[in-house]
Amino acid sequence: MKKLPFLLLFLHFFYGCIISYSDFPKKEKAPNTKIYFSVEDPKNWNERRKEFLKRGWKELELDRFPQKNKDRIHFLISRFPGLSTQEPEVRKALAAKGWKEIENYPPEKGYYIDMKSSQKDPSLGAMIFLYLSYATFTIVPSYSGKDGANIIFTVYKDNAVIKTFEYELTRKAFVWILTLPVLWVNYIVPSEMEAYQAIIDQFESDLYSSKL
């Protein structure tokens with residue numbers, strides 16, 4: 001099963017393979033994301049505060065998560081599919097949220113997010129046909145629609161687990177030599193990184209909405 005991502009990657013670049021991703025949060029949910037703000041300069045406090053509140057943004061409360069000092073929110077990717085090429089981009093996406101990556105696990109104080117992404121295996125039938133397609137240089141068509149990844153975010157506070165958030169993404173791959181003329185479809189369907197980005201965005205929204 002662990003060879004499947006490599007096999008799909010090989011077929012994608014050298015033969016006819018269309019790959020798409022599904023079952024991740026769609027962008028329509030983005031408007032539900034809460035935007036938090038704080039104004040550090042006392043001279044502009046009242047004016048800027050009113051402006052942000054009119055936009056529907058929520059003022060940070062110092063005694064409630066998310067913290068005003070985002071350096072207190074750390075993250076670590078403790079598991080990621082070994083053959084996936086997206087881990088560096090996922091790290092960048094998490095860091096773009098203002099969270100700080102650390103090496104020690106877990107920190108004794110403050111909030112800490114542990115991300116685990118594990119491979120979701122395809123069906124046995126899909127595996128058999130994928131190998132047949134590989135052996136026949138994609139003359140034999142094959143389809144896989146159940147593999148992908150299960151993603152778990154575990155939130156710690158002061159070295160104790162307080163909540164977990166679970167998501168998934170499903171990879172759908174159609175392999176056939178006759179798909180070569182339409183391989184451009186791969187550039188308009190959701191990519192693996194787009195799926196991860198949507199999950200990270202949804203996790204951020206769910207995290208802030210949970211008022212931990």
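In what order do the 6 strands of the open sheet stand? The order is 1-8-7-6-4-5, and the pairing is mixed. The model shown here is predicted. Begin the tour by displaying these strands as a cartoon.

**The edges of the sheet**

Select strand 1 (17–22) and strand 5 (100–101). Each has a single partner strand and stands at an edge, so one side of each is left without a neighbour in the sheet.

Next, select helix 3 (residues 87–95), which packs on the sheet and touches strand 4 (73–79), strand 5, strand 6 and strand 7. The direction of helix 3 makes about 165 degrees with that of strand 4.

Continue to helix 5 (residues 192–209), which also packs on the sheet. Helix 5 touches strand 1, strand 6, strand 7 and strand 8 (160–175), and its direction makes about 155 degrees with that of strand 8.

**Along the strands**

Return to strand 1, which pairs with strand 8 in the antiparallel sense over 6 bridges. Within this pair, select Cys17 and its bridge partner in strand 8, Val175.

Move on to strand 7, which is joined to strand 8 by 14 bridges; these two strands run antiparallel. Select Ile152 here, and find its bridge partner Glu166 in strand 8. Strands 7 and 8 form a hairpin with 2 residues between them. In the turn, select Asp158, which has a positive phi of about 55 degrees.

Strand 7 (residues 142–157) also pairs with strand 6 (residues 111–120), in the antiparallel sense and over 10 bridges. Select Lys120 to see that it stands opposite Gly148 in strand 7.

**Helix 4**

Now select residues 124–135, the 12 residues of helix 4. At 1.5 Å a residue, helix 4 should span 16 Å; its end C-alpha atoms are 17 Å apart, which agrees.

Which residues of helix 4 are buried? They are Ala126, Met127, Leu130 and Ser133. These residues cover an arc of only 125 degrees around the axis, which puts them on the same side of helix 4. On the face turned away from that buried side, select the exposed residues Leu124 and Ala135. Then select Phe137, which follows helix 4 and has a positive phi, near 55 degrees.

Finish with Thr179, in the loop between strand 8 and helix 5. Is Thr179 buried or exposed? Its relative accessible area is 5%, so Thr179 is buried. A polar atom of the Thr179 side chain lies 2.6 Å from the backbone oxygen of Trp176.

Technical notes:
Residues are numbered from 1 along each chain as its sequence is written. This is a predicted model: local features need pLDDT of at least 70, side-chain atom pairs count only at pLDDT 80 or more; totals for chains, interfaces and linings use all residues. Side-chain values use heavy atoms; hydrogens and water are left out. Two strands pair if DSSP finds at least two bridges between them. Helices (H or I, at least four residues) and strands (E, at least two) are DSSP runs, numbered from the N terminus. Contact means heavy atoms within 4.5 Å. Axes are lines fitted to C-alpha atoms, for helices over the stretch in contact, and angles run from 0 to 180 degrees between N-to-C directions. The expected span of a helix is 1.5 Å times one less than its number of residues. Buried means under 20% relative accessible area, exposed over 50%, partly exposed in between (1.4 Å probe, protein chains only). The arc is that of the directions from the helix axis to the C-beta atoms. A polar contact is a pair of N or O atoms within 3.5 Å; within protein, one must be able to donate a hydrogen and the other to accept it, and residues adjacent in sequence count only if both atoms are side-chain atoms.
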